[in-house]
Amino acid sequence: MEFYRTGDLGFLYEGHLYITGRIKEMIIVNGHNIYPSDLQVTIAQGVQALAGAAYGFFSVASDTKEQVIAVVESRPEENFALRIQEINKAVSDRFSISFYDVVFVPRDTIPRADNRKLQMLKARTLYLEGKLPVLYSSRSYYMKKQNSTLLGRSIGKAETIIGKSYDIADNIIGKSIDTADTLIDKSMDVTDEIFIQVRSAFQKVLKIDQFSPTESFLALGGDSLMGFELINSIEEKFHIKLDLRELLRDSSVAGITRYIHSVLSGASGRTKAINLKNECRLDDSIRFDATYTKAPAACRKIFLTGGAGFLGGRN
């Protein structure tokens, strides 16, 4: 019997073949295979306002990793910022990722085949060429804010130089500057300094300059790996150990600033400490009836069962 490789993905159920997608449309993020159909179901269940909307996904190369893009057909009057937060929250809860860019386009403008199936590879090409009829793009929004701020700073500096005539010598002679007080502003609120450092860590990890301090890390395009990079950066900066569960309660710059301030003040967290001895136990139905015959050091082969490689323990 000969088989023809069609490139389709699907499954057999009770003698029927169900096609779920294409191999080329599968997305690989941080070593994990993510199927567009799973993303569609997740968003459909988590973002009721987009019920009935058409949307698709593809990945693009950015720096040294693949970034996932979402393209959503929408009305022009949609609340784009709110929808982006809802989309990223739904996806991050399920897959521990968020979209690098969420692009909204008018209805019926995502390329389709004759059978109305979305052609996301073609959409990807249009995106990279800048030819999608974009209503709103989360990435472009942040980049425009960044460029606008830089332009405003340049104009402000020019106006200062042109509009103000001052004698540099008089400034130097007329002002007594205490170098030590200038380097260390003793009146600065510690919380404000923490805010500055946390915001700087966000900018470095996310590679964006302008964003709201109340927007969550995931809504801004962060993912699980970037999250650990952020945590490591903050822990090294303040020489503290952060509880990921506490941090995720409010992963915005403002929220993390408040959390760090509470840690430095000695306050205890709101989450219950994990007791691995009590929680990581094998169920009685699958426990071993006999003790191990070899010590771990004597084992020549190790079977890794998953990312943690740990099934549990028993007293």
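## The Arg83–Glu86 pair

Arg83 and Glu86 are joined by a salt bridge (a side-chain nitrogen of Lys or Arg within 4 Å of a carboxyl oxygen of Asp or Glu), and their closest N and O atoms lie 2.8 Å apart. This is a predicted model, in which local features need pLDDT of at least 70 and side-chain atom pairs count only at pLDDT 80 or more, while totals for chains, interfaces and linings use all residues. Residues are numbered from 1 along each chain as its sequence is written, and side-chain values use heavy atoms, with hydrogens and water left out.

Because Arg83 and Glu86 are 3 residues apart in helix H2 (residues 80-95), about one helical turn separates them. Helices (H or I, at least four residues) and strands (E, at least two) are DSSP runs, numbered from the N terminus. Arg83 is buried, at 8% relative accessibility, whereas Glu86 is partly exposed, at 25%. Here buried means under 20% relative accessible area, exposed over 50%, and partly exposed in between (1.4 Å probe, protein chains only). Through salt bridges that share partners, Arg75, Glu78, Arg83 and Glu86 form one network.

Another salt bridge joins the side chains of Lys117 and Glu25 at 3.5 Å, N to O. These two residues are 92 residues apart: Lys117 is in the loop between S7 and helix H3 (120-128), and Glu25 is in the loop between S2 and strand S3 (27-29). Lys117 is partly exposed, at 38% relative accessibility, while Glu25 is buried, at 15%.

## Confidence along the chain

The predictor's confidence in each residue is given by pLDDT, from 0 to 100. The chain has a mean pLDDT of 75, and 72% of its residues reach 70 or more. Confidence is highest in strand S7 (residues 101-106), at a mean of 93, and lowest in helix H6 (residues 179-183), at 32.

Over residues 145-190, pLDDT stays under 50, and the model has 13 contacts beyond four places in sequence for them; contact means heavy atoms within 4.5 Å. Residues 307-315 likewise stay under 50, with 17 such contacts. Where pLDDT is low, the predicted coordinates should not be read in detail.
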